[in-house]
Amino acid sequence: MVVPKLHYISQGKTPEAHLSNIQSACSYGAELVQLRLKNVADSVVFETAKKAREITAHYQTRLIINDYYKVAKEVKADGVHLGKTDRCPQEAKDYLGEFYFVGGTANTLQDCEELLKKNVDYIGLGPFRYTSTKENLSPILGAEGYLTILEALNTKTPIIAIGGITINDVEALLKTKVYGVATSGEITTNFNNISKFNALLKSSSTHEQVWKMH
């Protein structure tokens, strides 16, 4: 499987708003969507994930569930993204099996190294800048932070930049050799930005990286 370079992270004040935004993102050409619901009951996550899978399947868009790897398997999503305080990625991989991919959140070089030991399929590294969508934000990296970490890591595992990223940041981020970007607000406020992101990200590389399925 090829890893998409653009990840849309769902936003909305209600689960219904998340689904509406996912529908819009898919219709505007998103290749990968992450359902990220916070502070709701597990049953709500499950029901919303089922509906998100129906939407994304219609558009052949990949669906990742944030945090809930068992829900990801139940609704036949494509994978799970685990935060720093969530379950161990290796535990999730063992549960899901080889046909699902597992991503993890990192803020430091050490975080990245730990995730690589646990065979994650991609790393969400951030935050690039301050973002109001995340509580207890880790230290801001900026382009210099990515450059330093990526040079030290020297890994083929895709590194996805995240955290308040706008269209205008893509060029500088690609110079650090990040593989792609994850964004929420820049797309939710204007779904036309999906095509702009895709154009910038795809023009950066003549080859697509292939998922390493462990």
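Biologist: What comes after α5, and what's its phi like?
Modeller: Asn 119 follows α5, and its phi is positive, near 60°. Keep in mind this is a predicted model.

Biologist: OK. Which residues of α5 are buried?
Modeller: In α5, which covers residues 109–117, Asp 111, Cys 112 and Leu 115 are buried. Looking down the helix axis, those buried residues fall within an arc of 100°, so they line one face of α5.

Biologist: And which ones are exposed on the other side?
Modeller: Gln 110 and Lys 117 are exposed there.

Biologist: What do the buried residues of α5 pack against?
Modeller: They pack against α4 (89–96), β5 (101–106), β6 (122–125) and α6 (142–153). The helix lies across β5 and β6, and runs at about 160° to β5.

Biologist: Switching to the strands, how many are in the barrel?
Modeller: Eight: the barrel is closed, with parallel pairing, and goes β1-β2-β3-β4-β5-β6-β7-β8. On average, neighbouring strands of this sheet are turned by 25° against each other, direction ignored.

Biologist: How many bridges pair β3 with β4?
Modeller: Three, in the parallel sense, with β3 spanning residues 62–66. Ile 65 stands opposite Val 80 of β4.

Biologist: Where's His 81, then? Buried or exposed?
Modeller: His 81 is in strand β4, residues 79–82. His 81 counts as buried because its relative accessible area is 7%, and the cut-off for buried is under 20%.

Biologist: What does the His 81 side chain make a polar contact with?
Modeller: The side chain of Thr 105, at 2.7 Å. Beyond its neighbours within four places in sequence, the residues in contact with His 81 include Gln 34, Ile 65, Asp 67, Tyr 122 and Gly 124.

Conventions
Residues are numbered from 1 along each chain as its sequence is written. This is a predicted model: local features need pLDDT of at least 70, side-chain atom pairs count only at pLDDT 80 or more; totals for chains, interfaces and linings use all residues. Side-chain values use heavy atoms; hydrogens and water are left out. Helices (H or I, at least four residues) and strands (E, at least two) are DSSP runs, numbered from the N terminus. Buried means under 20% relative accessible area, exposed over 50%, partly exposed in between (1.4 Å probe, protein chains only). A polar contact is a pair of N or O atoms within 3.5 Å; within protein, one must be able to donate a hydrogen and the other to accept it, and residues adjacent in sequence count only if both atoms are side-chain atoms. Contact means heavy atoms within 4.5 Å. The arc is that of the directions from the helix axis to the C-beta atoms. Two strands pair if DSSP finds at least two bridges between them. Axes are lines fitted to C-alpha atoms, for helices over the stretch in contact, and angles run from 0 to 180 degrees between N-to-C directions.
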